[in-house]
Amino acid sequence: MLILFLRVLLSLAGLLLFFLFDQLSANECLKLCVLLAAILLGVGGVLHAWRSSTSASAISVLVRIVVPVFYLDAAIKGFLRGYFGMRPNPNAVLQAMFATDQAETGEFFLHNSVALAQAAGWFVLVTAAVLLADRHLLRWQAARAMSVPGLPQKGFAASMAVFLVLLHVNTTMRRENPALFWPLRYQQYSAQLDAMKSMQHALTAAMAAPRDWQVRYVGEDACTVILVIGESTNRASMSLYGYPRATTPRLDAMREKLLVFNDVISPASSTVESMMTMLTPADIGNPDAWVAKPNLLMLAEAAGYKTFWVSNQTRNDGWIGLLAGEADESEFINYGTGRGENNFDGNLFQPFAHALRDDAPKKLIVVHLLGAHPSYDMRYPSRFAHFDQAQDAVSAQMASQGRSDWIRNQRDAYDNAIRYGDYVLGTLIGMAEKAKTDRAASLLFVSDHGQEVGYSRNHAGHSASDKSGYEIPMLIWSNRQAPQSMAARAALESRPYQTDKLDATVLGLLKIETRYYSAHDDILSGGFQPVQRFMNGLQYQRGAPLAR
């Protein structure tokens with residue numbers, strides 16, 4: 001049994017390397033060590049005690065299968081922690097992993113090739129080193145006389161086998177087993193999607209008698225409200241918010257016509273998790289409220305609005321696709337396979353114009369952009385490549401911060417995508433401005449979440465651990481905007497806000513009174529009350545370093 005103990009210790013040393021180099025958290029490392037030791041001592045001990053003649057070869061097969069599986073799991077978790085800023089079991093990661101498609105997966109691998117290569121390198125190096133050392137142990141064992149396992153060895157092996165079984169009775173430990181981790185996560189994701197569908201159908205059925213919603217329209221006879229949802233847009237890269245590069249010339253030119261809110265963050269750093277609170281009564285404190293309460297489209301329709309959903313994302317996009325299906329009219333211009341397609345947002349102009357021309361007296365038009373979703377260079381036509389290889393204040397600052405050439409190139413491409421997004425949003429506002437001027441019209445633009453592109457570290461992509469993953473733009477245009485003093489306007493634009501309460505602001509624009517509307521959550525309301533904001537479970541304070 002001595003050689004088996006040594007092989008177990010050697011295998012655990014590999015997991016400790018992943019921990020020491022910040023690929024695993026202490027909690028993850030401890031659980032994986034317990035599971036790995038239990039498997040090797042339980043199964044390996046039984047093989048040694050009851051199959052002594054062939055035990056060495058059988059245990060070697062066990063080690064060469066089980067140990068690489070654990071190391072691969074550690075490498076994947078290390079990569080996902082760096083990419084998402086969290087371990088890979090929250091809903092955000094489940095959605096990102098399983099609600100994807102072939103093209104988007106290819107784009108993901110291309111965009112993150114360096115980080116993926118590093119994770120693969122860790123896996124290969126640690127696995128090779130441990131298995132090579134294990135081979136030396138086997139040679140040492142072959143030179144020693146083998147003793148026949150006695151009753152104590154058999155008892156220990158049996159007790160470890162029982163311990164292994166008992167570990168898997170515990171739900172938390174069972175879920176940490178790499179052989180079960182990903183199948184169980186996929187099962188969890190599938191169950192969530194099924195629950196979404198059933199609950200959405202139940203809510204749709206409730207539309208037949210929405211009396212409990214207490215919906216009442218209190219606005220003008222004719223009204224158009226446009227909600228434009230950006231993708232992966234960080235206000236730090238917008239000249240509208242003081243960025244040195246001229247990334248938003250159109251919005252800059254119409255600044256006086258806009259309310260530009262400068263202290264807004266998203267509830268999450270991923271699309272689905274954010275939008276499930278942005279467009280429903282759910283919020284960070286009660287994330288499952290969407291299950292039993294009507295979403296914005298349902299409330300708008302109950303108030304007599306005709307609803308439109310115009311999107312450059314895919315129709316079959318989990319919960320978002322289900323929500324879009326609630327609209328009276330929906331059009332998805334992305335006929336590819338998802339965010340991995342370089343279908344430009346400007347192609348939304350035609351279906352948007354169609355919605356504007358519709359004769360319905362009250363209209364809610366939702367426009368869902370691809371925005372600046374990675375890969376950034378797929379989000380704009382070549383004529384918008386204004387910042388490629390730019391030598392300016394931004395590039396100089398990034399160089400002084402030690403950002404890699406790759407990250408600096410990513411920032412250039414990201415800023416190009418932001419500039420194209422400015423063209424798209426500026427055009428949408430212009431189209432709304434020129435539409436039927438006899439009706440009240442307003443447009444609210446907000447991004448689903450932000451993006452880290454070398455602002456805080458050498459990383460480009462989603463991030464739940466950086467403020468840049470949450471700090472987003474939000475602005476409002478209206479053709480009925482009441483005149484305000486500069487002081488009042490500045491105070492309004494500086495209100496701190498988190499967009500898990502966005503549904504209240506949109507209901508205010510829609511002039512809908514309902515039991516689901518709270519004036520203290522409406523950023524435009526005189527009764528607005530700021531609340532504590534959170535990102536990734538930690539309190540957020542603008543300008544202060546994130547507490548960890």
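**The interior and its surroundings**

Modeller: At 0% relative accessibility, Thr307 counts as buried; buried means under 20% relative accessible area, exposed over 50%, and partly exposed in between, with a 1.4 Å probe and protein chains only. The model is a predicted one, in which local features need pLDDT of at least 70 and side-chain atom pairs count only at pLDDT 80 or more, while totals for chains, interfaces and linings use all residues. Residues are numbered from 1 along each chain as its sequence is written, and side-chain values use heavy atoms, with hydrogens and water left out.

Thr307 belongs to strand β4, residues 306–311. Strands (E, at least two residues) and helices (H or I, at least four) are DSSP runs, numbered from the N terminus. The side chain of Thr307 is joined to that of Glu301 by a polar contact of 2.6 Å. A polar contact is a pair of N or O atoms within 3.5 Å; within protein, one must be able to donate a hydrogen and the other to accept it, and residues adjacent in sequence count only if both atoms are side-chain atoms. Leaving aside residues up to four places away in sequence, Thr307 touches Leu297, Ala300, Glu301, Glu326, Ala327, Asp328, Glu329 and Leu364, where contact means heavy atoms within 4.5 Å.

Thr248 sits in the loop between β2 (223–230) and α10 (249–253). Not counting residues up to four places away in sequence, the residues that Thr248 touches are Met238, Ser239, Leu240, Ile418 and Asp422.

On a 1 Å grid over the protein atoms alone, a cavity is a set of points where a 1.4 Å probe fits but cannot get out, and lining residues have an atom within 4 Å of a point. Grid points are joined across faces, edges and corners, and a volume is the space filled by probe spheres set on the points. Among the 16 residues lining the largest cavity, Thr233, Ile418, Gly421, Asp422 and Phe445 are the closest to its centre. Helix α16 gives the most to this lining, with five residues. By class, the lining has eight nonpolar, five polar and three charged residues; Ala, Val, Leu, Ile, Met, Phe, Trp, Tyr, Cys and Pro count as nonpolar, Asp, Glu, Lys and Arg as charged, and the others, Gly among them, as polar.

The second largest cavity has a volume of about 60 Å³. Its lining consists of Pro496, Tyr497, Gln498, Lys501, Asp521, Phe528, Gln529, Pro530, Val531 and Arg533, which divide into five nonpolar, two polar and three charged residues.

In α15 (residues 393–400), the residues Val394, Ser395 and Met398 are buried. Viewed down the axis of α15, these buried residues fall within an arc of 95 degrees, so they line one face of the helix; the arc is that of the directions from the helix axis to the C-beta atoms. An α-helix has 3.6 residues a turn, so residues three or four places apart point the same way. The cover over the buried residues of α15 includes α16 (405–434) and β8 (452–453), whereas Ala393 and Ser400, on the other side of α15, are exposed.

Asp392 caps the N-terminal end, with a side-chain oxygen 3.2 Å from the backbone nitrogen of Val394. Just after α15, Gly402 takes a positive phi of about 80 degrees. In the loop between β6 (362–368) and α15 lies Ser375, and a cis peptide bond with an omega of about 5 degrees joins Pro374 to Ser375.

Elsewhere, Val63 in helix α3 (residues 55–84) is buried, with a relative accessible area of 2%. Val63 touches Arg7, Leu40, Pro68, Leu131 and Asp134, not counting residues up to four places away in sequence. The C-alpha atoms of Val63 and Ile39, which are 24 residues apart along the chain, are separated by 9.6 Å.

Technical notes: 1 Å grid on protein atoms, 1.4 Å probe; cavity = no way out; pocket = protein on both sides within 12 Å on 5 of 7 lines; lining within 4 Å.
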